[in-house]
Amino acid sequence: MGDWVVFTTDARPLDPEKHTRLLEILSNHNPVGLATRRMEKDKTTRIRYVEGWDRGRDSGAFRSSTLEEVKAMRGTRWSSAVYTDFEDVKAVLKELNEADLGISVVFSGLFDKVHEACREAGTNPHTVNMSGETFGKLDLLPEPKMLEITTMCGHHMVSPFLVRHLANRVKRGQMTAEDASVELAKQCTCNFFNVVRGNKLLKEYIEVTVDK
Amino acid sequence: MECKAPSDKISEIYNALMEVASETETVFTLDIISKCKDGVNPLKPALVEAGIKVRENGKTNVGLGRPLIP
């Protein structure tokens, strides 16, 4: 299973029609997450779709939206989408290139695959941001299996303590791994956490380490 | 912290980070951003030569942006 994030941010407002088209393209190819943000003079509105998160699972400040609601938002300047299938990623890039919106778009995922998608779509990568080594007191970090889950949120808003707590609840049969993964996805307010991969990784984590 | 440096300084910067890492009380990571040339990351050979391991995944600006003022 893959994990691909596509996102875009404008430094200043562009043609609103272009953003409408952008959201349409992002939502056309089976995203498991889709989010957008409208920035007005004194107010920012962000809405989020996560597969498996419906209104019945809303909690605290976390409010879900449907795919259609995100797609229908107007006046947006920031958008993101999450995919699990490389074929969908290739289709998104191809459609974006054909639409020629002029909006700068970043794809996060395996470099070889993203560059392959670029070649097939007929575009050239402009810049790469590589993640190098981790330095310092590495024994302060959680175990690698935990990091696979928590690092899906680049701002580390998904706490290892919450993962352990939810994993124990799943293990005891108090909730499903799917629901637990939605809870984890809620924490990542940029909406980059891949809820489907999160579910898979959580099950793997439960198999190797719970109640420790 | 961010800095801009010529590619031939990579090894020197990396060695300095390794030195600091042995003294620091916390964890830090290294991100490297490079502009591509004809769709290829020109920094890759220099990173391999310097012994810097980079992850096989990361962010790619796929080159769809156009200047607001042509």
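A residue counts as buried if 20 or more other C-beta atoms lie within 10 Å of its own, as exposed if 12 or fewer do, and as partly exposed in between. A:Arg197 has 19 other C-beta atoms within 10 Å, so A:Arg197 is partly exposed. The structure discussed here is a predicted model.

**Chain A as a whole**

- Chain A contains 8 helices and 6 strands.
- Following the sequence, these elements come in the pattern β-α-β-β-α-β-α-β-α-β-α-α-α-α.
- The C-alpha trace spans about 50 × 35 × 30 Å along the principal axes of chain A.
- A compact globule of 212 residues would have a radius of gyration near 17 Å, and the 18 Å of chain A agrees with this.
- Buried residues make up 39% of the 212 residues of chain A.
- Among contacts in chain A with a separation of 6 or more, 70% are between residues 24 or more positions apart.

**Helices α7 and α8 of chain A**

- Two packed helices are described by the angle between their axes and the distance between the axes.
- In chain A, the axes of helix α7 (residues 177–187) and helix α8 (residues 195–208) come within 8 Å and cross at roughly 120 degrees.
- Because of this angle, α7(A) is oblique to α8(A).
- The crossing of α7(A) past α8(A) is right-handed.
- On the α7(A) side, the residues that meet α8(A) are A:Ala177, A:Glu178, A:Ala180, A:Ser181, A:Val182, A:Leu184 and A:Ala185.
- On the α8(A) side, they are A:Val195, A:Gly198, A:Asn199, A:Leu202 and A:Lys203.
- Sorted by class, this contact of α7(A) with α8(A) has 7 nonpolar, 3 polar and 2 charged residues.

**A:Arg197**

- Helix α8 of chain A also holds A:Arg197.
- Apart from neighbours within four places in sequence, A:Arg197 is in contact with A:Met1, A:Asp3, A:Thr84 and A:Met152.
- A:Met152 is 45 residues from A:Arg197 along the chain, and their C-alpha atoms are separated by 9.2 Å.

**Contact with chain B**

- In chain A, 34 residues are in contact with 33 residues of chain B.
- The elements of chain A that give two or more residues to this side are α3 (86–99), β5 (106–110), α4 (111–121) and β6 (127–136).
- The most comes from β6(A), which gives 10 residues.
- By class, the side of chain A that touches chain B has 17 nonpolar, 15 polar and 2 charged residues.

Terms used
Residues numbered from 1 in each chain as written. Chains lettered and ligands numbered in written order. Predicted model: local features only at pLDDT ≥ 70, side-chain atom pairs only at ≥ 80, totals over all residues. Axes fitted to C-alpha atoms, helices over the stretch in contact; angles between N-to-C directions. Helix = DSSP H or I, 4+ residues; strand = E, 2+ residues; numbered from the N terminus. Parallel < 35°, antiparallel > 145°, perpendicular 65-115°, else oblique. Left-handed = near helix turned anticlockwise from the far one by under 90°. Contact = placed C-beta atoms within 7 Å. Nonpolar A, V, L, I, M, F, W, Y, C, P; charged D, E, K, R; others polar. Rg over C-alpha atoms; globule rule 2.2 N^0.38 Å.
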